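Here is a short briefing for a first look. Take the sequence and the structure together, then work through the topics below.

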Amino acid sequence: LAGARASSAGAWGPARPFRPGTPALDEFPFEVWGRLAARHWRRPPAGLLGYGDPAGHLPLREAVATYLGTARAVRCGPEQVIVTAGAQQALDLAARLLVDPGDQVWIEDPGYLGARAALSGAGARLVPVPVDEEGLDVSAGAARAPRARLVYVSPSHQYPLGVTMSLARRLQLLEWAERAGAWILEDDYDSEYRYAGRPLAAMQGLDRGGRVIYLGTFSKVLFPALRLGYVVVPEGLSCAFANARGVLSRFSPSVDQAVLAEFIEEGHFARHIRRTRSLYAARQAALVKAVRSELAGALEVSPDEAGIHLVGWLKEGADDGAASSAAARLGVDAQPLSSFTLEHRRRPGLVLGYAGYDERQLRAAARRLAAALKQ
Ligand SMILES: Cc1ncc(COP(=O)(O)O)c(C=O)c1O
């Protein structure tokens, strides 16, 4: 997280073009949300005003369990779902509960800075494991740290490279984890957005040994400031996670949870996903077109079957940190791939989020990025 801040000026303010992870905020159905929220606030039941269940508001946990079963083939009951303040709190909880200081933990390299920060904050010794076209290289991890306690992966759409982990690798990782007695932290942060190809079921649904801790977030599908996400844990861990969640920050705001539960139950959530899925597919195509016309020869992009960001590849030998700083000075938030990398250096690149920007904004940002790269 600190890396992201250092590498892109203004990372925590209003979104600037290409910031990854920003959804289309102006497409959110605020009138529906406002109506549901007004209904709850007009006469809030006492149960929503006192201390709530640290594990989360039961109707929301039920709605999440049903949604994940249908959409992601996750196998769980509501008692296994713990509502968190976004995926970040789920990462923090898992790190604190499952890792002891000094334990080895595999992390994808390049990989998500939020996961790296939470795990090293819990005292983990991070073991960077390379990612290839099939996802995390399980054999490399097993050779390097056979007794690791935990593995962090984003198999649906690896962050930031965008690779989907193959079924063979998923099975290899599950088998290794069961043998090694290691935990798998499966981050399914943007799985709602798949535009082509068959979605692979979540690893959690393939897990027979109870090794997978699955986490998801409403930050990409709805909006980040909602600060609601969830972690799905093996049955034996529900109590520990719920108790620890209570210790960290009691519980998530109950009325927001109740509004979200209704938003899902009444079908608005599914409708919003369907609508934004086709919008983002069009925005991705617009980004590819804009880069190919404005940045030809300087930045290479290929369409991706999933997600809400692309990697733009710079020329071999280019300094992506310097490119990112030049872009930031021109108001474009293109994060350097090297800032997500610990050991496994690869071609330099820039991470480009596109979901929150329309075709005109994407083209204008591509032009500014072209000017920055010339510098
Ligand atoms: C890989 C990855 N995991 C998880 C998250 C979700 O973060 P949160 O739910 O805390 O907003 C993000 C957001 O940027 C992400 O990129």
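Which polar contact joins the side chains of Arg-194 and Thr-164? It is a contact of 2.8 Å. The model is predicted.

**The ligand and its shell**

- The residues around the ligand include Gly-86, Ala-87 and Gln-88. Four tyrosines also belong to this list: Tyr-112, Tyr-152, Tyr-159 and Tyr-189. Asp-187, Thr-217, Ser-219, Lys-220 and Arg-227 complete the group.
- By class, the shell holds 5 nonpolar, 4 polar and 3 charged residues.
- Helix α4, residues 86-98, gives the most to this shell, with 3 residues.
- Thr-217 has a side-chain N or O atom 2.5 Å from an oxygen atom of the ligand.
- Asp-187 places a polar side-chain atom 2.6 Å from a nitrogen atom of the ligand.
- Ala-87 uses its backbone instead: an N or O atom there lies 2.7 Å from a ligand oxygen.
- Taken alone, the ligand exposes 400 Å², and the protein buries 89% of that.

**The second largest pocket**

- This pocket has a volume of about 360 Å³.
- Its lining counts 21 residues. Tyr-67, Ala-71, Ser-191, Glu-192 and Arg-277 lie nearest the centre.
- Two helices, α3 (58-72) and α10 (268-294), each supply at least two lining residues. The largest share, 5 residues, comes from α10.
- The lining divides into 10 nonpolar, 4 polar and 7 charged residues.

**Arg-194, a buried arginine**

- Arg-194 sits in the loop between β6 (183-187) and β7 (212-217).
- Is Arg-194 buried or exposed? Arg-194 counts as buried because its relative accessible area is 15%, under the 20% cut-off.
- Besides the side-chain contact with Thr-164, Arg-194 has a polar side-chain atom 3.1 Å from the backbone oxygen of Ala-196.

- Strand β7 contains Ile-213. Ile-213 is buried, with a relative accessible area of 0%.
- Ile-213 and Ile-184 are 29 residues apart in sequence. Their C-alpha atoms are 6.0 Å apart in space.
- Helix α3 contains Pro-59. Pro-59 counts as partly exposed, at 28% relative accessibility.
- Pro-59 and Glu-265 are 206 residues apart in sequence. From C-alpha to C-alpha, the distance between Pro-59 and Glu-265 is 9.1 Å.

**Helix α5 and the residue that follows**

- Helix α5 spans residues 113-121. Its buried residues are Leu-113, Gly-114, Ala-115, Arg-116, Ala-118 and Leu-119.
- Gly-123 follows α5 and has a positive phi, near 95°.

**Backbone exceptions**

- Most residues other than glycine have a negative phi, and most peptide bonds are trans. The cases below depart from one or the other pattern.
- Where is the peptide bond with omega near 5°? This cis bond runs from Asp-109 to Pro-110. Pro-110 is in the loop between β2 (104-109) and α5.
- Another cis peptide bond runs from Tyr-159 to Pro-160, with omega near 10°. Pro-160 is in the loop between β5 (150-153) and α7 (167-180). Tyr-159 is also one of the residues around the ligand.
- Phe-18 has a positive phi, near 80°, and is not a glycine. Phe-18 is in the loop between α1 (2-7) and α2 (30-42). Phe-18 is buried, with a relative accessible area of 0%.
- Arg-227 also has a positive phi, about 50°, without being a glycine. Its place is in the loop between β7 and β8 (229-232).

Methods: Residues are numbered from 1 along each chain as its sequence is written. This is a predicted model: local features need pLDDT of at least 70, side-chain atom pairs count only at pLDDT 80 or more; totals for chains, interfaces and linings use all residues. Side-chain values use heavy atoms; hydrogens and water are left out. A residue is near a molecule or strand if one of its heavy atoms lies within 4 Å of it. A polar contact is a pair of N or O atoms within 3.5 Å; within protein, one must be able to donate a hydrogen and the other to accept it, and residues adjacent in sequence count only if both atoms are side-chain atoms. Accessible areas come from the Shrake-Rupley method with a 1.4 Å probe; for residues, only the protein chains shown count as cover. Helices (H or I, at least four residues) and strands (E, at least two) are DSSP runs, numbered from the N terminus. Ala, Val, Leu, Ile, Met, Phe, Trp, Tyr, Cys and Pro count as nonpolar, Asp, Glu, Lys and Arg as charged, and the others, Gly among them, as polar. Buried means under 20% relative accessible area, exposed over 50%, partly exposed in between (1.4 Å probe, protein chains only). On a 1 Å grid over the protein atoms alone, a cavity is a set of points where a 1.4 Å probe fits but cannot get out, and a pocket is an open set with protein on both sides within 12 Å along at least five of seven lines; lining residues have an atom within 4 Å of a point. Grid points are joined across faces, edges and corners, and a volume is the space filled by probe spheres set on the points.
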